[in-house]
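Subject: Structure for your attention

Dear colleague,

Please find below the structure that I am handing over to you. My notes on its side chains follow it.

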Amino acid sequence: KKDVIEIDYTTLSREKLVEELTQIINNNPISEIRKEVEAIKASFYKKQKAVNEEKRKIFLSEGGNIDDFAPTEDPVETDLKEQFKRYRRLKAEFNRQLEKEKDVNLEKKFAIIEELKELITKDESIGDTFKEFRELQNRWKEVGPVPQQKLKDLWNTYHHHVEKFYDFININKELRDLDLKKNLELKLELCEKAEKLIEESSVVVAFKTLQKHHNQ
């Protein structure tokens, strides 16, 4: 949105208000000008009411019946209505495009969830898997908005699979720790046997015994 100098629209004539509305629509994102458009509309119709009141007074002063008075739409009001129609049309087009983008974003996020589900089936190191997980999280954050009515179910599904991934990481960590513990116990056992074999008088016997234990 362009930097807009704060304007007191109540000080502008109806003609200037129409000009200002035209410029705002032409030079700013249609999704960001609602406040200005509404302010111009309110100011314009306040002035239009005064113009119509003046027309009514003239009509009555010329002998007209008040029940017959109906102010005609002047060219300035016609111009304003044309600009409002253009604003509404552009806003509707923007909203349609936004909904299309939201649908595309929804598909992107479902695709990320599918990749997330596949992570726990990969035969690779936990470090590599976790790196992929972080990349998926970053991609998820970068995807834009999705349809509001789909948001809750989408988030619940995503959160469910994130939790499953963390469970998978923890299980694998426990398995790795158990494996390391088992290896450590085997190493300690082997060292103890090696120490006992130092007492063996025959070097050949000691070597064969140690080799036998190592291969078990």
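A residue is called buried at under 20% relative accessible area, exposed at over 50%, and partly exposed in between, using a 1.4 Å probe and protein chains only. By that scale Glu-115 is partly exposed, at 33% relative accessibility.

The model is a predicted one: local features need pLDDT of at least 70, side-chain atom pairs count only at pLDDT 80 or more, and totals for chains, interfaces and linings use all residues. Residues are numbered from 1 along each chain as its sequence is written, and side-chain values use heavy atoms, with hydrogens and water left out.

Salt bridges

Side chains of opposite charge can pair when their charged atoms come close. A salt bridge here is a side-chain nitrogen of Lys or Arg within 4 Å of a carboxyl oxygen of Asp or Glu. The count by this rule is 11 salt bridges.

In one of them, Arg-139 is bonded to Glu-115, with the closest N and O atoms 2.7 Å apart. Arg-139 belongs to helix α4 (residues 126-142) and Glu-115 to helix α3, so this pair ties together parts that are 24 residues apart in sequence. Helices are DSSP runs (H or I, at least four residues), numbered from the N terminus. Arg-139 is partly exposed, with a relative accessible area of 37%.

Another salt bridge joins Lys-81 and Glu-77, whose closest N and O atoms are 3.9 Å apart. Both residues lie in helix α3 (residues 75-119), 4 residues apart, which is about one turn of the helix. Lys-81 is partly exposed at 33% relative accessibility, whereas Glu-77 is buried at 10%.

Lys-117 also forms a salt bridge, with Glu-114, at 3.1 Å between the closest N and O atoms. These two are 3 residues apart in helix α3, or about one helical turn.

Aromatic rings

Rings of Phe, Tyr and Trp (its six-membered ring) pair if their centres lie within 6.5 Å; planes under 30 degrees apart count as stacked, over 60 as edge-to-face and the rest as tilted. The structure holds 9 aromatic pairs. One of these is the edge-to-face pair of Phe-44 and Tyr-45, with 5.3 Å from centre to centre and 75° between the planes. Phe-44 is buried, at 0% relative accessible area, while Tyr-45 is partly exposed at 30%. Elsewhere, ring pairs link Phe-130, Phe-133, Phe-165, Tyr-166 and Phe-168 into a cluster.
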